Number of protein chains: 4
Amino acid sequence: MEYNEVPIDDTYAEAFPAWIARVIITGATREFALAAAVEATGFATSTIGCPCEAGIETYLPGDMTPDGRPGYAILICNPSKKKLKEQLIERIGECVLTAPTTAAFDGIPGADEKIPVKLHFFGDKFESQVKVGDRDCWSIPIMEGDFVVEEEYGTVKGVAGGNFFVMGENQMAALMGAKVAVDAIAEVPGVITPFPGGIVASGSKVGSKYKFMNASTNEAYCPTLREQVPDSKVPENVKSLYEIVIDGVDEEAVRNAMAAGVRAATKIPGVVFISAGNYGGTLGPVQIHLRDLI
Amino acid sequence: MEYNEVPIDDTYAEAFPAWIARVIITGATREFALAAAVEATGFATSTIGCPCEAGIETYLPGDMTPDGRPGYAILICNPSKKKLKEQLIERIGECVLTAPTTAAFDGIPGADEKIPVKLHFFGDKFESQVKVGDRDCWSIPIMEGDFVVEEEYGTVKGVAGGNFFVMGENQMAALMGAKVAVDAIAEVPGVITPFPGGIVASGSKVGSKYKFMNASTNEAYCPTLREQVPDSKVPENVKSLYEIVIDGVDEEAVRNAMAAGVRAATKIPGVVFISAGNYGGTLGPVQIHLRDLI
Amino acid sequence: MEYNEVPIDDTYAEAFPAWIARVIITGATREFALAAAVEATGFATSTIGCPCEAGIETYLPGDMTPDGRPGYAILICNPSKKKLKEQLIERIGECVLTAPTTAAFDGIPGADEKIPVKLHFFGDKFESQVKVGDRDCWSIPIMEGDFVVEEEYGTVKGVAGGNFFVMGENQMAALMGAKVAVDAIAEVPGVITPFPGGIVASGSKVGSKYKFMNASTNEAYCPTLREQVPDSKVPENVKSLYEIVIDGVDEEAVRNAMAAGVRAATKIPGVVFISAGNYGGTLGPVQIHLRDLI
Amino acid sequence: MEYNEVPIDDTYAEAFPAWIARVIITGATREFALAAAVEATGFATSTIGCPCEAGIETYLPGDMTPDGRPGYAILICNPSKKKLKEQLIERIGECVLTAPTTAAFDGIPGADEKIPVKLHFFGDKFESQVKVGDRDCWSIPIMEGDFVVEEEYGTVKGVAGGNFFVMGENQMAALMGAKVAVDAIAEVPGVITPFPGGIVASGSKVGSKYKFMNASTNEAYCPTLREQVPDSKVPENVKSLYEIVIDGVDEEAVRNAMAAGVRAATKIPGVVFISAGNYGGTLGPVQIHLRDLI
């Protein structure tokens, strides 16, 4: 199968369920909402080593937010609901409450499950309950004025680890293919690409020759090891590759993101192959086949 | 005392020692180095609730980096050397190794103390030792090519919690004063402003009326509580205030940053008072008086 | 009348007809399309002294552009159709053809009137006709590869000079009100705000006490002259004001933009009055009353 | 000759004298100074079709500007001193005077020649003379407050058209090579790269097979015509190339910029050749040989 004249591997991305919450961060201006969203979604590429996976889902103009101010929706994601709650509390408390001009609201108000995030105790009994539209919020006096925050965040069982590989005849072609894919995915509702700039440069396999390591480089996908390892998955004409990892609120969203990403990446000259990562079905129950996307 | 016709409080910032490491992250282009630096310094505003404090210190053009490529120096900061080591490993491993086109180098090579950050084991015995200039590094095969990384990071006992308050006749004046201060501090070597966009909107005191809370809003610095609390520190003409918190490699650097920030903030119309935060000398041994700065 | 508790003047913006063309600039990535769009819309704030008015209307993801690549739509505007043609030729020829990875397409293909922009002659007989979807384009060999360009640009009689004033209790409040208005207007289809950052700091009246000047500062709207001039339009509680000027493809678009801008600006604390600019109906036939917007 | 293992052509860039002025634009914050600088330097890639060449030279922190606020220095360049004067007046008048919070100052106060830029007449006799440090300026009442501007701008005979070519094994390699070169040149004092994003995708030769065209594509540098034209300058392994054009205040500055750019570009994998453009010495008296740079 080809798309934009680029061969598409007949394989699938293997993904798995994870709990996801969505926080709407508003600010006096777009810029200040963004500063908080960037801080709140940092150090959150992979739950292998970070306390959660997180990213900015979308910009929301003022007519799409609870308080009529510009904002950003972020997704925070963890396979464990308990750890998701911890991270919601810490990231709203340390990165939004402290940020200039911001407020925080539940981004999935219709979810069946709610995570309580009791931030109003910070107000030391100076806080008060307020309504923002029909939402129950708290207003906490702080240095800049009053911080408004909702305290229950809907959570849904979403899908983490959606992915595809962008392979290039050299590094800059693969890189620009990955970059334009990330930009395209940014327009898809309900998803994030949690790695730096949305792009993964380094893939891992489970286990290692070093006994004390749980994970190590996935040599089958290392172009510079192509001649050295028996089972390389790197095609002969590929000198570099990147992975795009996608977390989303449901499988449909992840599927849409993968499709948008592949369509965009294959427009870049020098992108020569698209594939996807799976573990033969041992990791997760969700399988998204590339051939179904385009 | 006045500066740019703005009254400067006769008080001091109280700061305390903390261990600091400096990581130089280079990339193929400035943009990709920045993506990694942003991710690696996120969720790192305050060690009260984040695993460390971190921020971008400065951009480094290619002629100032070990491998001749553009980069950013970041500072990672923690009162505990053990926690600093953990965070160095996780943040380089999860946010730089995984980021496109990057390499990581020690940013304080002359420091007496070194923190070992053994990342080469990720290479699963495919890694090899390489020299970058006169630095001993490891080259680890990954998907995009080879990741180059230094494994020992110099650490120094720096100063955390340097600070000053920018107070305004309304919120937007205080906010722009804070913002221009952060931009000015960005030019000072050896410091970071770890909060979102460099600005703190919410200050805390130790303890709370709620027994289970260790920290809570500092009502003495809340403009909307000015009439309600007996000991308010908010001047009558102040409707909003922000704090700039500074961590630096030594007291001199923090002092320079505070001076640059105060000079800049006082140029903004509507900024009407500058002060600084201290706990009467109970928190930390470092006292930086505003009157000595300008 | 009030909106978000801010008084809205009972007056109207006076606007006038102008010819508008829309150019879709695509690029390999969003970033490169933007670089061309920024260059092509520079030096274009007001036809009083610039050769046209121009600005970026909107970002277009790849699934909304003729060639499937990310892009930006820009508007170019002039009361004279002849000058609009000149500017289309020069700005596409000097700022898009020369920009990395870009292509240029007609953004109003359904317009009754077309402006011919014969760029293919630059190809020196090496150029060839190509189809992009169902559009007739030219492909011109250049250094980076081949430049693809459409040669007929639809033009419509739009509306220029839509406007409103954001007045603040001090400069930073007015400025942030203007800024958030510009961000809100950026989401409205069919309009641009051609001034630097979308904001006008300096208004003019026709004529001057200096005989050789056709235009000069509009003292009635100068806060620092409030006590000096007999007919000041600056309310007593206003220390600074900004104007947002809007050009759009039709009156409806300009009206939507004004409404979005006023709604956003009035959310900023310290914005205390909204008005609009007119010349008593002597300048243009279009009158947009603020009371009809919200 | 090779640099970073990339062959460097044994040729020279041919450049020519042009008049240059430097305007320092300051603002309340870095961001607002930048908005004015971007507008004032747009539509200014090449004097072939634009009224001047212009670009941002450098950011200036508050401690390096006349009024202590953050700013940007821009260069405006034209072979004709008369046209340079016209453009100075129009670009300061339309793009800086109108921009929020800005002021404009002479950036080459030590120059022997001065260009008068009489903007104070806009003040309609409400203007007044003020000192900013030891500089004679005018203060003009406008909507946001008072606009401060210097009225004499030093001009020097600089060098325009400094250049080099970045050639790649494919388009993305050449493009990233060009991009990193532009970033490196941004650090060099006294120069600009006036094309969109600093990069030229399309080169021209004098004359055309179409009689009415003065300039047309330079087929000798078109990779897609390599097999068709007898005298192609495109090496066999090159599929795409970009030019970096540099204007500077003197030959030394242009030379430094070329050196910085070549050093940076050759670090990008897939950049395979560096050359420079000349017309056999017929265009301009300045010849800068690549071999002397590195």
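Q: How many residues of chain B are in contact with chain D, and what makes them count as contacts?
A: In this predicted model, 18 residues of chain B are in contact with 18 residues of chain D. They count because contact calls for C-beta atoms, placed from the backbone, within 7 Å.

Q: Which elements of chain B give two or more residues to the side that touches chain D?
A: Those are α3 (171–185) and α4 (251–265) of chain B. α3(B) gives the most, with five residues.

Q: What makes up that side of chain B by class?
A: The side of chain B that touches chain D has eight nonpolar, three polar and seven charged residues.

Q: Why is strand β11 of chain B called mostly covered?
A: Well, 13 of the 17 residues in β11(B), which spans residues 152–168, are buried. A residue gets that label because 20 or more other C-beta atoms lie within 10 Å of its own.

Q: What makes β7 of chain B a partner of β11(B)?
A: Four bridges join β7(B) (residues 113–116) to β11(B), and at least two are needed, so they pair; they run antiparallel. B:I115 has B:Y153 as its bridge partner in β11(B).

Q: How do you know that β15 of chain B pairs with β11(B)?
A: β15(B) (residues 240–248) and β11(B) have eight bridges against a cut-off of at least two, so they pair, again antiparallel. Here B:V159 stands opposite B:G248.

Definitions and conventions. Residues are numbered from 1 along each chain as its sequence is written. Chains are lettered from A and ligands numbered from 1 in the order in which they are written. This is a predicted model: local features need pLDDT of at least 70, side-chain atom pairs count only at pLDDT 80 or more; totals for chains, interfaces and linings use all residues. A residue is buried if 20 or more other C-beta atoms lie within 10 Å of its own, exposed if 12 or fewer, and partly exposed in between; C-beta atoms are placed from the backbone. Two residues are in contact if their C-beta atoms, placed from the backbone, lie within 7 Å. Ala, Val, Leu, Ile, Met, Phe, Trp, Tyr, Cys and Pro count as nonpolar, Asp, Glu, Lys and Arg as charged, and the others, Gly among them, as polar.
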